[in-house]
Amino acid sequence: MATNINPKTIFTGDNLPIMRGINSKSVDLIYLDPPFNSNTNYAAPIGSKAAGAEFKDTWTLDDIDNAWLDLIETKYPVLNRVIHAAMTNSDKSYLIYMAARLLEMHRILKDTGSIYLHCDATMSHYLKLVMDSIFGKDMFRNEIVWQRSSGRAKGSQHKSKTLGRDTDSIFHYSKSNDFLHNSVNIPLTESEISLKFPKTDENGRRYNTNTPIFCQPSMGSRPNLCYEYKGVVNPHPSGWRVKKEKLIEMDKAGYIIWREGKRPLRKAYADEYEGKPVGSLWTDISIAAGKERTGYPTQKPLALLHRIIKASSNEGYVVLDPFCGCATTLVAAGRLQRDWIGIDISAKAAELVVERIKADQGLFQKIVARTDIPKRTDLGDIPRYNAPENKTRLYGEQSGNCNGCGTHFQQQHLEVDHIIAENVGGTDHIENLQLLCSNCNRIKGDRGQEYLLSRLNKD
Ligand SMILES: [Zn+2]
């Protein structure tokens, strides 16, 4: 599905209604570094580039729109159970907040797409269950453990009663089994090079001779690889590792060491080694420092995002960061020729995004800054919400009863209502519609279903 958002768009606002306005299956990669429920209110230091940017990271049930809980209770029973396993109201509120948003992320992610959720030990155990119930346990790909700093753990200057906490977790889930993956290699360190490539040739190049030149006898008979070259043959019918033309080529280029009466050796050079594949423990990326720092609280390093974006997208793909903060994901995506969409609640973040991208990638970057809620274009030619066919269908489904007070009415006395209001991204799709009597419709207004039901219970 094509995206309905221009590439390089930064939205200011709550990411939930904005994501509701993004077409289904239109985003290739989502990285999110949401608030962690760490009981801290973050603010950037005055005087830094990000001054004025802040977000709260403490949660109470007052922060929760009852419509989110209502949606989860009625449509996602497993997710609902997971949320209610949370120990405190604060944890529960946080999970409801996150679940409502992760459901939208799941909808807008392409089938070949991936999502990376960055969190720390405060809530990671709950978030993994939430991710399992939204994306499916089978779609869990990895838990990346990122060591934020080596040697110096975050903590107070007072003597600590615990070991330092110096790692974050990044959960990788895919939308389906058909997800894109590019392998990522990193160079060896000096000491790893001297261990893996212990020999040095006359030009000072390090190499090893670990790669066999003959196939193992256990590999069976390979007549097309059995040949004689410079008087040498493999005594076993498994033959050479490479075809004769390739061996001659390698020999001419100096990759073969010939030894009297012994099998020749094949050289592998350190400077031609493609690097070691990256695993799930990342200790080689340090926190954002120096010029890269904007002063934004919880800023993540560019190298971290480079690695994630390279592993799970290609050039021209769409990367979304729904908590984009100081734009690290967007800067990294732009450098790697990906399209990007950023969302942040703080207007200061949007300013910082424009400033930082232009400083990094040129003043003439065409960046779209929006504060409105986009409209989906992938719902096809569906009728307007109050079209007669919607009304007739809903009347049948609700057996002629108002979905609020439950009273039976004739069809002409019921009104079509958006369950999730249009001004918070609710669509005209039949799934988002219900019939209410005029009294219930007036009480509910633009608020959630839960509000209506609680008001009816009081009266
Ligand atoms: Zn009613």
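At what angle do helix α2 (residues 66-75) and helix α4 (residues 89-108) pack, and how far apart are their axes?

## Basis of the model

This is a predicted model, in which local features need pLDDT of at least 70 and side-chain atom pairs count only at pLDDT 80 or more, while totals for chains, interfaces and linings use all residues. Residues are numbered from 1 along each chain as its sequence is written, and side-chain values use heavy atoms, with hydrogens and water left out.

## Helix packing

Helices α2 and α4 pack at about 65 degrees, and their axes are 9 Å apart; the axes are lines fitted to C-alpha atoms over the stretch in contact, with angles running from 0 to 180 degrees between N-to-C directions. That angle makes α2 roughly perpendicular to α4, a label that covers 65 to 115 degrees. The crossing of α2 past α4 is left-handed, meaning that the near helix is turned anticlockwise from the far one by less than a right angle. Helices here are DSSP runs of H or I with at least four residues, and strands are runs of E with at least two, both numbered from the N terminus.

## Zinc site

The zinc ion has as its protein donors the SG atoms of Cys402, Cys405, Cys437 and Cys440, which lie 2.3 Å from it; donors are N, O and S atoms within 2.8 Å of the metal (3.2 Å for Na, K and Ca). The angles subtended by the four donor atoms run from 102 to 118 degrees, so the arrangement is tetrahedral, a class that requires all angles of four donors to lie between 85 and 135 degrees.

Along the chain, the donors follow the spacing C-x2-C-x31-C-x2-C. Cys405 sits in the loop between α11 (388-397) and β19 (414-418), whereas Cys440 belongs to helix α12 (residues 438-444), so this pair ties together parts that are 35 residues apart in sequence. Cys405 is partly exposed at 37% relative accessibility, while Cys440 is buried at 1%; buried means under 20% relative accessible area, exposed over 50%, and partly exposed in between (1.4 Å probe, protein chains only).

Zero disulfides are found in a search of the whole structure, where a disulfide is a pair of cysteine sulfur atoms within 2.5 Å. For Cys326, the closest cysteine sulfur is that of Cys324, at 8.5 Å, which is too far for a bond. Cys326 is buried, its relative accessible area being 3%.

How values were computed:
Tetrahedral: all angles 85-135°; square planar, octahedral: opposite > 155°, others 65-115°. Parallel < 35°, antiparallel > 145°, perpendicular 65-115°, else oblique.
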